[in-house]
Amino acid sequence: MKKSFLLFSALILLSFGCSSHPKNPEIDNLPNTEEELVFALPFAPVSYPVFKMLEDRVFEKNGIDTRLILWNTPDQLKALIIGEQADFFAVPSNTAASFYNKGVDVRLLNISIWRLLWIVSRDEGRNTLADYKGEKIAMPFKGDMPHIVFAEIARAQGLDPDKDFSLVFEATPMDVAQKLIMRRVNHAVLVDPMASMILMKTKSGPAGIIAPDLFRSVDLQEEWAGAFGGGSELPFAGMMAGASVLSDSSLIASFSAAYDEAARWCMEHPDETAKLAVKYVPQLKEKGVAEAMRHVQLKAVNAVDARKELEDFYQVLLNSKPALVGGKLPDQEFYYHP
């Protein structure tokens, strides 16, 4: 019986597209050169405007070749930054600050992701983080953005994130999704589009048989606002320029303008954005991405204009774990301005 269940579950995972570590041979093998622009991006919504730019051949129309590197984990991103393997990087906001404060020649261009983090649960009755005290919760990226936000909210609410919860860390959001589908956990912290993909997949079809009744439970943006005040938008991620392009202000201006326009297009066209995302990242599912775009807040704000929100966020991290932002608030040069 157990073998039959495991075989059935494996078939569900294959249909779900949950390859834990999608292969990307470009990530280690090709150097960054002056002949092309290289974009280092995750599978997340911060990348979708760049996908739109690549589809529209924004740079090719001006005689500039482009290349895309998809990174899967924070460690891969950090290796790409250290190796200067790309010109533009999609990054968590604290990662940008940490590298800048360590003396790496990078600048934050914008913040574009302000809402994307949720607890997905089998228990519809849990509505706050405190409701999960004592529970086992899976999440991706130990020490990075999902874990950071979860832990800071918990501390602000008088909870110990290490003692009051049983946290299970996985390498990627897809690994977390597998644990939910396989019923190895009942609760998980997930980013969109994975949160939407798994919710839609388990509402119908074979996955619904073994993993029914999953719910979008706690909005961690709202929990943060309740814990620290202010609005429910968090400066999660944006685009960062590497040293290779910092001297070319016209190129950065062109990139920033095109990204802003593409971000607005993505928000206005969730279904078309989903088709585009799946074209560049086949592991994604079109309906799940389209649904995610109805929950994500994708809005490109120049880094200079987002400085207050960033510093408020960074200060919370400095108060508990200074290393998360490189030990100090970044100075004004961190926020790109021509």
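Predicted model: local features only at pLDDT ≥ 70, side-chain atom pairs only at ≥ 80, totals over all residues.

Setting aside neighbours within four places in sequence, Asn101 is in contact with Val325, Gly326, Lys328, Leu329 and Pro330. Asn101 itself is found in helix α5, residues 93-101. Is Asn101 buried or exposed? Its relative accessibility is 15%, so Asn101 counts as buried. Now look at Val325. Its backbone oxygen lies 2.7 Å from a polar atom of the Asn101 side chain.

On to the charges. Side chains of opposite charge can pair when their charged atoms come close. How many salt bridges are there? The count comes to 18. I'll take a few.

Take Asp144 and Lys78. They form a salt bridge, with the closest N and O atoms 3.9 Å apart. This pair links distant parts of the chain, 66 residues apart. Asp144 sits in the loop between β7 (136-140) and α6 (145-156), and Lys78 in helix α4, residues 74-82. Asp144 has a relative accessible area of 8%, so Asp144 is buried. Lys78 is partly exposed, at 28%.

Next, Asp56 and Lys52. Their salt bridge has its closest N and O atoms at 3.3 Å. Asp56 counts as partly exposed, because its relative accessibility is 31%. Lys52, at 16%, counts as buried.

Then Arg126 and Glu135. Their side chains meet in a salt bridge, 3.4 Å from N to O. Arg126 is buried at 17% relative accessible area. Glu135 is partly exposed at 24%. There is also a network: salt bridges that share partners join Arg115, Asp219 and Glu222.

Terms used: Residues numbered from 1 in each chain as written. Heavy atoms only, no water. Helix = DSSP H or I, 4+ residues; strand = E, 2+ residues; numbered from the N terminus. Buried < 20%, exposed > 50% of the residue type's maximum accessible area, 1.4 Å probe, protein only. Polar contact = N/O pair within 3.5 Å; in protein donor to acceptor, adjacent residues only side chain to side chain. Contact = heavy atoms within 4.5 Å. Salt bridge = Lys/Arg side-chain N within 4 Å of Asp/Glu carboxyl O.
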